[in-house]
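Here are my notes for your first look through this one. Keep the viewer open and click along as you read.

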Amino acid sequence: MIVCDIFNYHMSIDLKTIKHISKLSRISVDEKKAEKLVGDLNSIFEFIEKLNELKTDNVQPLTSVAETTLKLRDDEVKSKNLREQIIKNSPQENEDYFVVPKVIE
Amino acid sequence: MSDITKQSLSELIKNIKDKKLSSTEVTKAFVERSEKSKELNAYVTEDFSAAIDKAKKFDENPNLNLKLPGIPMAVKDLFCTKNVKTTAGSKILNNFTPTYESTVTQNIWNEGAILLGKLNCDEFAMGSSNETSFFGCVQNPIDKDLVPGGSSGGSSSAVAAQLTPITIGTDTGGSIRQPASFTGIVGLKPTYGSCSRYGIVAFASSLDQAGPMAQNVRDCALLHEVISSYDEKDSTSIDFKRNNYFKELTNNIKGKKIGIPKEYRVDGMPKEIEDLWKKGIDYVKDCGAEIIDISLPHTNYALPTYYIVAPAEASSNLARYDGVKYGFRADGENLIDMYEKTRSEGFGAEVQRRIMIGTYVLSSGYYDAYYLKAQKVRKLIKNDFDEAYKKVDAILTPSTPSSAFKIGEKTNDPVSMYLNDIFTVPVNLAGLPGISIPAGHDAKGYPLGLQIIGKAFDEQNLLNIAYAMEEKINFKNKITDWWIK
């Protein structure tokens, strides 16, 4: 959870938040790593929060620097028979399938 | 012919075209020097015997009309190369061999160049010192235990140490220009959309650009001409008329207006950088250009903006590394456990940190406060440049706030590491081209660079200014070959 101190507007990230982000990111973290991340992320967010100095209510967000619209193309198959290439780098496969740990009990 | 590796790209091409040198001789010379330079740790993957075979094949029936006839070169290990391992400096891709070629490297091979190997870089290009690489840090040929910059640190080290005549890097927040500055070479980050991103391991897609790194501006212009192309395989590739950057290169920049942004005079900047900048101003004046003071008022907000936008995009791009389709997999009790262990063991500390920042700023409840806010500030930063370019043709700044630092000096403090990119990051946020050229030395004898920032798609003008300045500066890199026993 985020703790917002209304007196100095400094947000801080605690251990519980780190565990939550780690779950969302699908990266397991042990206690030791989580504690280090609390320190690192707090110093980074303290730095990031400089942006709050700016008023941006009437600013349009920039989503792409390339001021072009995406090009349309005909919907035709250009590459085919790539099955072998696609499976080639998989850590584990069975004939034409990727193998993962059992999902359904 | 002795000292083949000391020759610039243009000299090598001339010698090959005049049949004074064969591609095999040139390739063998760079292979030999690379073999003797293992201590620099510039290569992740060597492809030397294949390179010599290709050179021999080239010599059997040489096509001398190509732009890079039989020229050997190594590339950053972020470019997918067909049937040659591509790691992005990460354990998670340590067993990945692409079945396809990136557009940029394909353009290079189409012009006759030959792959020497893959060069070390920060993991997924996230770093400013090459220290986040799974394959260990790279030595800067300038001095022992000095970082070569990052993330294209293997690339900068290899060009400066003459292990490859030229190379390509990628630049998301300064990853071509900062290492170029730290090693006394030239590095160009092109306009967003100039060079295809197809087949480049993705970091932050709205910022990533490939670009050339070379010993001098001419070589850089030639390589840029080869790699810049419209590509329908990259949806943000831009179809514009590209120049013949090398052929059209001129040192005549009379009457060009060069802006000096006052916000780049940051607190604590060493006096030698300030002096270098002043000298740079004198050089462009000597060339007949006009100096104009400008303001880029949101400069100070560029780094905080970058450290929201880049990790957000990275967290999304790196979601694909799940241990299923390719790359490293750790064993887990179930599917989720396998994902979590794979990513925890496969990614290094900096990459995990950035994925977590990105995940957080995109997560429910915080998106508006962080990501949307950053996109708005990004707009203000771009507006600053648009406003400035009504008055000037290009902007001159230092490339970095300091010269190269020692290995290990900044690894414990992520924010101090991030501050390295203070002058380069705004350029990526605005999608503009920027070039770093070596311009002098500090008291320790380490190289310092100056950056020229151009208008979008105005690489020709940028290269011309760099070319004119290079002549005046007459920089000589101080390389002692200390690593060769």
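1. Start at B:Gln375, which touches A:Pro61, A:Leu62 and A:Thr63, leaving out residues up to four places away in sequence. Two residues are in contact here if their C-beta atoms, placed from the backbone, lie within 7 Å. B:Gln375 lies in helix α12 of chain B. Helices (H or I, at least four residues) and strands (E, at least two) are DSSP runs, numbered from the N terminus. B:Gln375 is also buried, because 20 other C-beta atoms lie within 10 Å. The rule is that 20 or more other C-beta atoms within 10 Å of a residue's own make it buried, 12 or fewer make it exposed, and anything in between is partly exposed, with C-beta atoms placed from the backbone. B:Leu429 is 54 residues away from B:Gln375 in sequence, yet the C-alpha atoms of the two are 9.5 Å apart in space.

2. A word on what you are looking at: this is a predicted model, in which local features need pLDDT of at least 70 and side-chain atom pairs count only at pLDDT 80 or more, while totals for chains, interfaces and linings use all residues. Residues are numbered from 1 along each chain as its sequence is written, and chains are lettered from A and ligands numbered from 1 in the order in which they are written.

3. Now zoom out to the whole contact between the chains. Chain B puts in 52 residues and chain A puts in 40 residues. On the chain B side, α9 (302–317), α10 (335–346), α11 (349–362), α12 (367–388) and α13 (414–418) each supply at least two residues. Which helix gives the most to that side? α12(B) does, with ten residues. By class, the side of chain B that touches chain A has 23 nonpolar, 17 polar and twelve charged residues. In this count, Ala, Val, Leu, Ile, Met, Phe, Trp, Tyr, Cys and Pro are nonpolar, Asp, Glu, Lys and Arg are charged, and the others, Gly among them, are polar.

4. Chain B as a whole has 15 helices and eleven strands. Of the 485 residues of chain B, 61% count as buried. Among contacts in chain B with a separation of 6 or more, 76% are between residues 24 or more positions apart.

5. Have a look at strand β11 (residues 447–454) of chain B, where eight of eight residues are buried. In a regular strand the side chains alternate between the two faces of the sheet. Here B:Pro447, B:Gly449, B:Gln451 and B:Ile453 are buried on one side, and B:Leu448, B:Leu450, B:Ile452 and B:Gly454 are buried on the other.

6. What runs alongside β11(B)? Strand β9 (residues 394–398) of chain B is antiparallel to β11(B) and joined to it by five bridges, with B:Ile395 standing opposite B:Ile453. Strand β10 (residues 434–441) of chain B is antiparallel to β11(B) too, through seven bridges, and B:Ser436 has B:Gln451 as its bridge partner. Strands count as paired if DSSP finds at least two bridges between them. In the hairpin of β10(B) and β11(B), with five residues between the strands, B:Gly445 has a positive phi near 85°.

7. The largest nonpolar core has 161 residues, and B:Ala466 is among those with the most contacts inside it. Such a core is a set of buried Ala, Val, Leu, Ile, Met, Phe, Trp, Tyr and Cys residues joined through C-beta atoms within 7 Å. Neighbours within four places aside, B:Ala466 is in contact with B:Val217, B:Ile435, B:Ile437 and B:Ile452.

8. B:Asn130 has a positive phi near 65° without being a glycine, and 35 other C-beta atoms within 10 Å make B:Asn130 buried. A cis peptide bond joins B:Gly150 and B:Ser151, with omega about 10°.
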